Amino acid sequence: MEMGAALAESFSTLYDKLTLPSRGLLAMRDTVPAFDYIQALKQKTRTMNFLKEIFNKVDVIITPGTGTLAPRTSLGELTYGRSPDEQDSAIMRYMFLGNLAGIPGVTVPIGYSSTNNLPMSLQVQAGWWQEAVMLRVAHAVERGTKHATPQVHFSLLG
């Protein structure tokens, strides 16, 4: 809703540059009733209050970086994008909290899946304005992780 409102004036000029899923999501911005939007804002406030209590007891929240292993990407998806589906929700399962409440988060690579050799990660989230704590924890995780080049690797830097 908020992004759709912010882009309302430039939506028509940016339309051709957006992927099909982005076009669809932004076009739906006017379909959310005001009552639902107000209810969502109330939930956001409850979530933020809950997080304040949590961050009085812990410095960071550590979760998997994604809720499921990365899926393979088809050539068509690389060209045309893909429509959001249940798999996207599963992948982004742990990101919603930070996006809703506005807490900082960083994802740190931890290795590769033995199932499909695709990357796995941890997400570190901290309280508001606690980026330094979050980055120290992420750095410690990264230092403690054995880094290996995946079986298929393309260097973009040469």
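**The sheet and its surroundings**

Guide: Gly-105 touches Val-124, Gln-125 and Met-134, leaving aside residues up to four places away in sequence, where contact means heavy atoms within 4.5 Å. The model is a predicted one, in which local features need pLDDT of at least 70 and side-chain atom pairs count only at pLDDT 80 or more, whereas totals for chains, interfaces and linings use all residues. Residues are numbered from 1 along each chain as its sequence is written, and side-chain values use heavy atoms, with hydrogens and water left out.

Visitor: Why is Gly-105 called partly exposed?

Guide: Buried means under 20% relative accessible area, exposed means over 50%, and partly exposed is in between, with a 1.4 Å probe and protein chains only. Gly-105 has 45% relative accessibility, and therefore counts as partly exposed. Gly-105 lies in strand E2, and its C-alpha atom is separated by 7.2 Å from that of Met-134, 29 residues apart along the chain.

Visitor: What makes Gln-125 buried?

Guide: Its relative accessibility is 2%, so Gln-125 counts as buried. Gln-125 has its place in strand E3, and the residues that it touches, not counting those up to four places away in sequence, include Phe-55, Ile-61, Tyr-94, Leu-97 and Gly-105.

Visitor: How do you know that E2 and E3 are paired strands, and in which sense do they pair?

Guide: Strands (E, at least two residues) and helices (H or I, at least four) are DSSP runs, numbered from the N terminus, and two strands pair if DSSP finds at least two bridges between them. E2 and strand E3, residues 119–126, have 7 bridges and pair in the antiparallel sense. Val-108 has Leu-122 in E3 as its bridge partner, while Pro-109 stands opposite Ser-121 in E3. In the hairpin of these two strands, E2 and E3, there are 6 residues between the strands, and Asn-117 takes a positive phi near 60°.

Visitor: What makes E1 and E2 edge strands?

Guide: The 3 strands form an open sheet in the order E1-E3-E2, with antiparallel pairing. Strand E1 (60–64) and E2 are the edge strands, as each pairs on one side only. E1 is joined to E3 by 5 bridges, and Pro-64 stands opposite Leu-122 in E3.

Visitor: Which helices lie against these strands?

Guide: Helix H4 (residues 34–55) lies across E1 and E3 and runs at about 110° to E1; axes are lines fitted to C-alpha atoms, for helices over the stretch in contact, and angles run from 0 to 180 degrees between N-to-C directions. Helix H8 (residues 131–143) packs on the sheet, touching E1, E2 and E3, and its direction makes about 5° with that of E2.

Visitor: Why is Trp-129 called exposed?

Guide: Its relative accessible area is 76%, and therefore Trp-129 is exposed. Trp-129 has its place in the loop between E3 and H8, and its phi is near 65°, a positive value in a residue other than glycine.

Visitor: What makes the nonpolar surface patch, and how is Ile-110 classed?

Guide: Leu-69, Ile-110 and Met-120 make this patch of about 200 Å². Patches are made of residues with over 30% relative accessible area and no salt bridge, with like charges joined within 9 Å and nonpolar side chains (Val, Leu, Ile, Met, Phe, Trp, Tyr) within 5 Å; a salt bridge is a side-chain nitrogen of Lys or Arg within 4 Å of a carboxyl oxygen of Asp or Glu. Accessible areas come from the Shrake-Rupley method with a 1.4 Å probe, and for residues only the protein chains shown count as cover. Ile-110, found in strand E2 (residues 105–112), counts as partly exposed because its relative accessibility is 30%.
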